Structures are given as structure tokens and as C-alpha cells.
Amino acid sequence: MVAKIVDLRSDTVTKPTEAMRSAMASAEVDDDVLGRDPSCFRLETEIAKLLGKEAALFVPSGTMANLISVLVHCDIRGSEVILGDDSHIHIYENGGIATLGGVHPRTVKNNEDGTMDIDLIEAAIRDPKGELVYPTTRLICLENTHGNCGGRCLSVEYTDRVGEVAKKHGLKLHIDGARIFNASVALGVPVDRLVQAADSVSVCLSKGLGAPVGSVIVGSNSFISKARRLRKTLGGGMRQVGILCAAALVALQENVEKLESDHKKAKLLADGLNEIKGLSVDTSSVETNMMFVEVEEGLGTTASKLCKDLEDYGILLMAIGSSRLRIVFHHQISASDVQYALSCFQQAVNNGVRNENATSGAD
């Protein structure tokens with residue numbers, strides 16, 4: 001029996017708070033497919049206002065949010081979207097834009113900070129003169145924060161520059177903003193200003209914000225009207241969805257202000273892990289609630305083995321390949337959890353070293 005569980009696998013693992021459960025139990029609801037659910041309407045109105053867009057649409061998941069957004073912008077089969085080679089849309093969304101939408105992904109290398117070089121984005125735009133043989137570029141996608149780059153933030157200046165490129169070439173800009181509120185807090189930039197250049201944004205409610213279910217897409221009135229039809233096509237229209245939206249409204253009211261604390265605790269853990277021989281974290285890259293921990297070769301263990309050893313102490317996290325661990329903070333991780341996790345890391349590493357030495361001695 002472990003002393004406690006510290007779940008650092010993802011910010012998607014949070015449990016609904018008592019305030020959320022209470023709001024869900026008393027939520028005012030109606031049929032959202034008919035556009036009549038008042039709790040859903042309040043959530044969509046609030047998110048659209050916060051992000052400075054005309055309208056919003058609640059959807060079941062971030063994957064559906066991005067898929068709908070891409071397909072609205074690329075409504076002709078054979079369209080092409082420019083996006084990062086390490087982006088969530090390209091890597092983790094089952095190739096939906098291609099398999100379901102006939103949209104061709106044209107990847108540009110993601111830099112370590114989550115950006116793509118502006119000149120490479122522009123170079124990837126197809127020349128309309130080659131339309132006989134090339135797909136037609138219609139969209140650029142950014143991701144902020146960037147998950148596979150460790151939760152790095154795209155600056156408002158960078159996003160504006162990409163927006164200018166898009167406008168110059170008559171393209172649209174979509175931001176996968178699953179953790180856009182984390183970026184806003186870390187950068188000290190209002191979220192509406194951060195996405196001002198975007199034609200559409202997807203926002204995950206069940207990641208940093210800590211709601212149990214759902215994402216929201218924002219954009220113009222005409223964009224959301226088309227998105228609503230696609231949501232129905234994809235099976236994402238739900239009836240008394242206000243039960244879920246009520247929890248999301250609580251998350252917006254209570255958890256945005258907790259994101260800064262999540263970021264500080266992530267830094268605290270990163271600094272502590274760097275003190276443990278055999279582990280390393282690039283602390284300069286820990287900008288929000290995520291980090292990657294490198295398991296050095298001389299430690300005599302793998303990321304998967306260390307992950308399993310830590311589970312015996314109640315520390316849950318993810319192994320990424322043979323030598324990297326991913327850690328994600330959320331509002332249900334306390335400062336004492338950080339200290340407990342550090343002590344468990346130290347014990348697990350010490351035990352691993354002892355076992356390795358014993359095995360070497362036996363040889």
C-alpha cells in the first residue's frame with residue numbers, strides 16, 4: 001500500500017471538484033442539438049468573449065475540435081494544411097484530417113521552442129501556378145502551448161507574424177490552443193490578444209483548466225455555423241450537454257488563476273530533479289506545467305523501468321522512449337506532493353543504482 005498517489009501523467013487526470021459536481025447536479029439544461037441548452041450557451045458565450053471571437057462551439061474532445069476546424073477551413077478535398085512535424089494534430093489525432101477530410105498535411109520542422117521558422121512556412125505554401133499537380137494550400141496551424149516541445153509558449157509577436165504570412169497569401173490560421181490559458185498566464189499576455197491573429201482556436205477544457213470533459217472552438221459566426229454542421233456529421237452533437245458545461249464554467253471561474261501556481265511547482269520539481277545524479281531537466285524550457293526528464297545512460301536503468309519503480313511509490317508519470325519521462329502538473333498537485341515526488345525519485349534512483357551495482361558485482 002503506497003503512502004499517497006501523485007499523478008503526474010497528464011493534466012487530463014484531474015477529478016471534478018466538489019464545486020464542479022454541485023454545478024453539474026444543479027445545471028439548467030435543454031437539448032443542445034436544437035441549440036437550446038442554456039448552460040452550454042453561457043459557456044460558449046463566455047469562451048468567445050474571453051478569446052475575442054464572435055462565437056464558440058462546445059465539442060466532446062480536442063481531437064474533434066481540431067478536426068472540425070481544419071475541415072471548415074479546408075472544405076475542398078485536396079486542400080493542404082501547413083503544420084509542425086511534431087504537432088499534436090499531425091502526430092496524435094489519428095490522421096483524421098486526411099482519412100476523414102481528404103486534407104493533405106505539409107509539415108514544417110518544429111524548433112525546440114515549438115515555433116516553425118517563418119521563412120520555411122512561407123516556402124511551404126504551394127504556388128497556385130502548380131495547381132495541376134499540387135494540393136492547394138489553405139491553412140496554417142500553430143500549437144500553443146506546444147506539447148511535444150514540453151509546454152513551450154508561442155509569443156504574441158511570433159503568432160502575429162505567422163498571421164501576417166497567412167493574410168499575405170490568402171490563407172487561414174488555426175491555433176490548437178489546448179493549453180492556451182497556460183500560455184497566456186506564462187507570457188503575461190491576455191488570451192484574446194494572444195490569439196488575435198487566428199481565424200479559429202480550439203481550447204481544451206479538460207487539460208490545464210481541469211474540467212472533466214470537452215473542448216470549445218471559437219471563430220467568426222459563419223465559421224461556427226459551419227462547424228456546428230460538421231460536429232453533427234461527426235457524431236459530436238449531444239443533448240443535455242449543460243451538465244458538462246456547468247463544470248467547465250466552474251473551471252473557468254476557479255482554475256485559470258491556479259495556473260501560475262502549477263507553473264511554479266513544475267519549476268520547483270525541475271530544479272529538484274536536476275540535483276539527483278543521473279537525471280536532468282532543461283529548466284530553461286520549463287515555461288508552463290510540463291517538462292521532460294532525461295534519464296542519463298550511466299544511471300543503469302531505462303525510463304520505462306524508472307517509471308515502473310516510481311509507480312511502486314505512488315508516483316505516476318509517462319515514459320517517452322527509452323530515456324525520457326514526461327511530467328505534467330495540474331491544480332490537484334500540491335507543494336507537499338512535489339517534495340514527496342522528489343524524495344521518491346531519489347529513492348528509486350538509489351535503489352536502481354544499488355541493484356545495478358549488485359548485478360555488476362555478481363558478474
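I looked up the largest pocket and noted a volume of about 520 Å³. Of the 32 residues that line it, H88, Y92, R179, K207 and R326 are the closest to its centre. I noted that α3 (62-73), β7 (200-204), β10 (290-295) and β13 (324-328) are the elements that give two or more residues to this lining. I recorded its classes as nine nonpolar, 15 polar and eight charged residues.

The model is predicted, so local features need pLDDT of at least 70 and side-chain atom pairs count only at pLDDT 80 or more, while totals for chains, interfaces and linings use all residues. Residues are numbered from 1 along each chain as its sequence is written, and side-chain values use heavy atoms, with hydrogens and water left out.

For a pocket I took an open set of points on a 1 Å grid over the protein atoms alone, where a 1.4 Å probe fits, with protein on both sides within 12 Å along at least five of seven lines; lining residues have an atom within 4 Å of a point.

I then turned to the second largest pocket, which holds about 320 Å³ of space. Of its 16 lining residues, E112, C149, S285, F292 and R324 are the closest to the centre. β10 gives the most to this lining, with four residues.

V133 lies in the loop between α6 (118-124) and β5 (136-143), and is exposed (over 50%) at a relative accessible area of 64%.

How values were computed
Buried means under 20% relative accessible area, exposed over 50%, partly exposed in between (1.4 Å probe, protein chains only). Grid points are joined across faces, edges and corners, and a volume is the space filled by probe spheres set on the points. Ala, Val, Leu, Ile, Met, Phe, Trp, Tyr, Cys and Pro count as nonpolar, Asp, Glu, Lys and Arg as charged, and the others, Gly among them, as polar.
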